[in-house]
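Q: I've got a fold open on my screen and I'd like to learn how to read it. Can we walk through it together?

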Amino acid sequence: MPKPLQSILIKPVGSFCNIRCDYCFYLEKHRLYTGPPSTHQMTEATLEKLISEMFIYSDFPTFLWQGGEPTVMGLEFFEKAVALQKFYAKSKGKSYANALQTNAMLLTEAWAEFLRRENFLVGVSLDGPEHIHDRYRKDSQGQGTFQRVLTKAQMLLAQRVPVNILATVNDYSVNYPKEIYKFLKDQGFQFMQFSPVVEADPQHPEIAAPYSVKAHDYGRFLEQLFNCWVKDFDFKRLKQKTSIRFFDTLIQVYLGMMPDHCALHKECNDYLVVEHNGDLFSCDFLVDTDTRLGNLHELSLHTAFQSASHLAFGKRKANLDEECQHCPWLRQCYGGCIKDRIRDSQDKGRNRFCESYKFFFSRADARFQELAKLYRQYYQ
């Protein structure tokens, strides 16, 4: 029986954003569409169609709002979205969830009250303390955004909005794992997610952009970050002071569970992306003309999710080279995210961070084995 669609990643303003991060991979996606990026806005008809179909095809529909910068659409758009969700949830007898990924620049007290009331999980893009965050996360005038973002993130915490920090790991921030961890923890952010940056150089696509993180550096970053996380882990009561998504997901792997992070799955066709005009894609990291599945106004979400193209996309992840297939750490990562793959002539590939993961797993494996054992004993 085919697995049901449970999550949809929504780009209500496409790639349009109110700031200009140097390493942003999505800004250029506006070239897929005609007209200025500021005009790429989701209509109410598209909004209602995607919401109504999610309640038809999903047991527990989860709506992930991203961009660009989704809050550019304004609070009224999201109030409309939630009103539609409540209507279809009542008619179908289902529950649902929302998550918003934002740079936080446009958030206000009214936004915070709405996000708390409607139980949104809010991901805030914050790379660390000021010298790290402002290295690449600048506004359209080239000014750093740290103070504005931190103020808005602290406002969310004060309003009891659940906040998850998304920090990129780039060529600069990779040197400061302990400082970043301590800073985020001291600011009261208990939930963290770290994402390595590797993009092609716009001028020389055959090489990585200068802000990309090198594999050996990222491996050491993970090790030091893990050591910080472990020190704050209460092994007796199995309580965490902080949650780091990658490590939490690896605990699931060591327990033999299906991890909730698609990058660690054997296949990765877990969700769909819907652009502002209803175009559907398999992955937000690989939105392009050749990965378009169709348009929401021409085919259903169910048809797109079960399509041969989407299923084939997911199977690409399992197409690994010989060394990867015999790697002792294969079960831990299954080759990682395909956006980070270096493809060969047979379309098999190895992750750019293969060296990182081998370095990290060889040093963290014993601790994860210990944690898995403790969890099994605790829940027996």
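Predicted model: local features only at pLDDT ≥ 70, side-chain atom pairs only at ≥ 80, totals over all residues.

Q: What holds strands together in a sheet, in general?

A: Strands pair through backbone hydrogen bonds, either parallel or antiparallel. Here, E5 and E6 run parallel, with six bridges between them, and valine 169 sits opposite proline 196 in E6. To get from E5 to E6, the chain passes through helix H6 (residues 177–186), making a right-handed β-α-β crossover. For an antiparallel case, look at E10 (residues 271–274) and E11 (residues 279–281), joined by two bridges. There, valine 273 stands opposite phenylalanine 281 in E11.

Q: In what order do the strands of the open sheet line up, and which ones stand at the edges?

A: The order is E9-E6-E5-E4-E3-E2-E1-E10-E11-E12, 10 strands with mixed pairing. E9 (243–244) and E12 (292–295) are the edge strands; each has a single partner, so one side of each has no neighbour in the sheet.

Q: How do I read the two faces of a strand?

A: In a regular strand, side chains alternate between the two faces of the sheet. Elsewhere, helix H5 (residues 146–158) lies across E4 (120–125) and E5 (163–169), at about 160° to E4.

Q: And how do I describe two helices that pack together?

A: You give the angle between their axes and the distance between the axes. H7 (residues 215–231) and H8 (residues 245–254) pack at about 80°, with axes 10 Å apart. That makes H7 roughly perpendicular to H8. At the contact, Leu222, Leu225, Phe226 and Trp229 of H7 meet Phe246, Phe247, Asp248 and Ile251 of H8. By type, the contact residues are seven nonpolar, no polar and one charged.

Q: Which residues is tyrosine 23 in contact with, leaving aside its neighbours within four places in sequence?

A: Asp127, Tyr136, Arg137, Thr168, Asn170, Val197, Glu199 and Tyr211.

Terms used:
Residues numbered from 1 in each chain as written. Heavy atoms only, no water. Pairing = 2+ DSSP bridges. Helix = DSSP H or I, 4+ residues; strand = E, 2+ residues; numbered from the N terminus. Contact = heavy atoms within 4.5 Å. Axes fitted to C-alpha atoms, helices over the stretch in contact; angles between N-to-C directions. Right-handed = clockwise from strand over helix to strand, strands pointing away. Parallel < 35°, antiparallel > 145°, perpendicular 65-115°, else oblique. Nonpolar A, V, L, I, M, F, W, Y, C, P; charged D, E, K, R; others polar.
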